[in-house]
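Subject: A structure for you to look at

Hello,

Here is the structure I promised to pass on to you. Please open it beside this message, and then read on for what was found in it.

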Amino acid sequence: MSKLSFCADFGGTSIKLGVLDGDRIEQSEIDAEAQKGLRPKLGQIESEWRRLAAMLGESGPPNLIGLGLPSVIEPWGNRILSGFNKYTDAGEIDLEEWATSTFGAPLLIENDAHSALAGEWTSGAAKGHDNAIFLGFGTGIGTSVISDGIPQRGPHGQAGNLGGHLQINAGGRKCMCGGVGCAEAEASGWSLPGLAEESRLIENSSIVRPVTAGNIFRAAAAGDALAMQLRERSVDVWAALTASMIHAHDPEVVVISGGIMRADGLFEQFRERALGQIWRGAVPPLVRKGALGSKAALIGLQRLAEIRQSRG
Ligand SMILES: [Zn+2]
């Protein structure tokens, strides 16, 4: 029997779509326009999935509709508990009804970081390691934890998932979550532009406008003083967060993902700084970049659907 899955990973700037049949996968990507919400995208997602299924030679109904969203999701359920400012209408749409009436398939909604770690655990950077943590550095910071082979969820879907909101700077910057000094508020895709604009150095800075995290790291590579300062600060924040996550969860492997880490030499510098501040008695975990790229969450959704099914 075919195990056809239609999966989507909703990022801030693009939606990654995949149709999976066992180990075979066809993928594409469409613009997210996340501020406009999810509803206007559903028709395009459906037609893309059908096109990708045809490329795999499949015309039958899928066994799974899997959606990875940048939101806290009810553990092992499909209810969206928080989404902040992206896809704000997602909680109001009856997605189960959409999956059933459009595709005749069951639905799984999962957090995007949980999905990505499950994918890396299945066939990527965490394969063979039943204790793994994931940190995705992008617009925000998404995290996920697998302990002793069990993906962590907690009673409210928050366990392992809110690493971006661990407070690494008491009395620090205000975060959109209501907290203060969260790692995300101190250095992430959404907070770095604000930090740059507030600096007196911005006037003489060569950072290309509009100021984005990508433009900051490009300017840092070219020697811009403000951009280099922000890069150093980012490495400090991310290393502190990662060391704290390692102390909390005792992983064998730490999987790092996210476009923001692509800047030249940034990952290596971050890894050295993170491992340099863990408890001296600890066995240092492997710290690796994700191996599956945009496929990770798509593969992970299929894996998490199987785990949910096996739990009844
Ligand atoms: Zn926060």
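Residues are numbered from 1 along each chain as its sequence is written. The model is predicted, and local features need pLDDT of at least 70, side-chain atom pairs count only at pLDDT 80 or more, while totals for chains, interfaces and linings use all residues.

Back to Ser 28, which has its place in strand E3. Strands (E, at least two residues) and helices (H or I, at least four) are DSSP runs, numbered from the N terminus. Leaving aside neighbours within four places in sequence, Ser 28 is in contact with Leu 17, Glu 48 and Leu 52; contact means that the two C-beta atoms, placed from the backbone, lie within 7 Å. Asp 89 is 61 residues away from Ser 28 along the chain, and their C-alpha atoms are separated by 23 Å.

**Helix H1**

Glu 48 leads us to helix H1, where it is one of the buried residues, along with Ile 45, Trp 49 and Ala 53. These residues cover an arc of only 135° around the axis, which puts them on the same side of H1; the arc is that of the directions from the helix axis to the C-beta atoms. The buried residues of H1 pack against strands E1 (4-10), E2 (14-21) and E3 (24-31). On the face turned away from the buried side you will find the exposed residues Gly 43, Ser 47, Ala 54 and Met 55.

H1 runs over residues 42-55, and its 14 residues reach 20 Å from first C-alpha to last, close to the 20 Å expected at 1.5 Å a residue. That expected span is 1.5 Å times one less than the number of residues. After H1 comes Gly 57, with a positive phi near 80°. In the loop between E3 and H1 lies Glu 33, which has a positive phi of about 45° although it is not a glycine.

The contact between them takes 16 residues from domain 1 and 17 residues from domain 2. On the domain 1 side, strand E5 (72-73), helix H3 (112-123) and helix H9 (296-310) each supply at least two residues, and H3 gives the largest share, four residues.

The largest nonpolar core has 81 residues, and Leu 117, Ala 132, Ile 216 and Val 255 touch the most other members. A nonpolar core here is a set of buried Ala, Val, Leu, Ile, Met, Phe, Trp, Tyr and Cys residues joined through C-beta atoms within 7 Å. Helix H7 (residues 225-249) provides the largest share of this core, nine residues. Setting aside neighbours within four places in sequence, Ile 216 is in contact with Leu 192, Ala 196, Ile 207, Val 211, Ala 227 and Leu 230.

In helix H8 (residues 266-275), Phe 270, Arg 271 and Ala 274 are buried. Seen down the axis, they fall within an arc of 100°, so they line one face of H8. They pack against H7 and strand E12 (286-289), while Glu 268 and Glu 272 are exposed on the face turned away.

Which bond joins Arg 209 and Pro 210? A cis peptide bond does, with omega about -5°. Pro 210 is found in the loop between helix H5 (192-198) and helix H6 (213-221).

Finally, look at Asp 148, in the loop between E9 and strand E10 (150-151). Asp 148 is exposed, with 8 other C-beta atoms within 10 Å, and has a positive phi of about 50° although it is not a glycine.

Enjoy exploring!

Conventions. Buried ≥ 20, exposed ≤ 12 C-beta atoms within 10 Å, placed from the backbone.
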